Amino acid sequence: MKENLRKFALKHLPDYFELLRLRSISAQQKEIPETAEYLVKVFNELGAARVEKLGSPEHAPAIFAEFTGNDPTKTILFYQHYDVQPPEPLEKWESDPFEPTIREEKLYARGASDNKGELISRLVLVKYFQANGGLPVNVKFFVEGEEEIGSLHVEQIVKENKAKLAADACIWEGGGKNYVDNYQIVGGMRGITVFDVETTTADIDLHSSLASYAAWRLVRGLATLRDDTGKVLVEGFYDDVEPLSKAEEEAVFAYDFDLDVAISRAGLRRTVKAEHKVALVNEPTVTINGLTAGYQGKGVKTVIPHMASAKLDCRLTPSQDPRKIAQLIQEHLDKNGFADLKVRYRLGENGYRSPMSDPFIKLVLAKAKKHYGKQTKYLPNSAGGGPAEIFGNELNLPIVILGVSYAGSQVHSPNEHIRLQDFGDGTQLLGDILIEFGKN
């Protein structure tokens, strides 16, 4: 089966290029209904036993699809999302971001990696099994349309459909090869809190000869949040961080992340170098995502802005509470003389970490090592976030992240892409996992 599935995947990859052409940008509410309808059509064409739109009609629907396998007593749930990030800056793209383009054995398009390319891998996988004796086990899909804006309604949808989504394990979107090109399996995600910090120091903008205030006030307040090494200075910020278990710590220290390679690939001019790998998995961060103050158009306007704001996020460990962290930051600003800087909580997601001892986690890791070699690595959780905690706790599922991307896929950036070799290999691995799970 090995070569057949790999070749089948690459042959049928273009069958679903229409998914990449759809501009399903959740932040801008573009072509979300059209993409949902496309997926309903595709799942029906693949022979799903049931296809439904879940959630409220006024929000981006989650698409649920269910396929019956040869062993109906075992079920795998695939979590995916069909929304993508905006493609800007457009001038940085070497081809149309919404026209899938293959060059130098890579597929370029917005969403090629995150997450439409991996969704296509799983659609092709179903197509293969449906044409070759049937799926080994039951397969369910949960494909949401709000992941890139915080999965705002996923918790409610999952709680309302627990029986429908019941499964033995969940295979999450994302993942693939790391910065030294070794395949990695990931057992969870960090949490995240996203918030704005705003200050208003006058009723109107003022002539710049008078003074300088709002913008300086904001940046001085933000500068108190962390030191030059990246350590967060907010009182209580680290209190709820739980240490890694011995097995998790061993997995982290065995991880072959190479910071110098990551710096080179991204072209970083400056960065804070973590002292050890644990920081990537189990140390929270605070990041300024954007700053807004005063005139930012062409030419010159010498003005003192009357207000200034910033967008920030904190990547959290699975044991930290997103709302509590936002509150601690407000309390820190108040205590340090910046009570006029107001924290506006936007959204948050709890982290999640599957137990390494779970039999399905062991099965996946064993198959990946057989497929990619002993250098295959396991991480307790990724550096990124997502609604994994809702699925893990509400549905009582082990979650494992594996995919068809690599560290250089330029996710969320111009020229996002996947390598065709990774697409074929990753689809093959997934097929092997379903077959092995059906045997046990």
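Trainee: How much space lies in the second largest pocket?
Mentor: The second largest pocket holds about 330 Å³ of space. Its lining comprises 17 residues, and those closest to its centre are Glu-155, Gly-348, Glu-349, Asn-350 and Ile-390. A pocket here is an open set of points on a 1 Å grid with protein on both sides within 12 Å along at least five of seven lines, found with a 1.4 Å probe, and lining residues have an atom within 4 Å of a point. The model is predicted, so local features need pLDDT of at least 70 and side-chain atom pairs 80 or more, while lining totals use all residues. Residues are numbered from 1 along each chain, and side-chain values use heavy atoms, without hydrogens or water.

Trainee: Which element supplies the largest share of that lining?
Mentor: Strand 16, with four residues. Helix 5 (154-160), helix 11 (322-335) and helix 13 (388-394) each give at least two. Helices (at least four residues) and strands (at least two) are DSSP runs.

Trainee: Turning to Thr-193, is it buried or exposed?
Mentor: Thr-193, in strand 11 (residues 191-200), is buried, with a relative accessible area of 0%; the cut-off is under 20%.

Trainee: What does Thr-193 touch?
Mentor: Its contacts (heavy atoms within 4.5 Å) include Leu-312, Asp-313, Pro-322, Tyr-345 and Gly-348. The backbone oxygen of Pro-322 lies 3.1 Å from a polar side-chain atom of Thr-193.

Trainee: And what caps the N-terminal end of helix 12?
Mentor: Asp-358 does, through a side-chain oxygen 2.8 Å from the backbone nitrogen of Phe-360. Phe-360 is among the buried residues of helix 12, as are Lys-367 and Tyr-372. Just after the helix, Gly-373 takes a positive phi of about 105 degrees.

Notes: Buried < 20%, exposed > 50% of the residue type's maximum accessible area, 1.4 Å probe, protein only. Polar contact = N/O pair within 3.5 Å; in protein donor to acceptor, adjacent residues only side chain to side chain. Points joined across faces, edges and corners; volume = space filled by probe spheres on them. Lists of a residue's contacts leave out its neighbours within four places in sequence.
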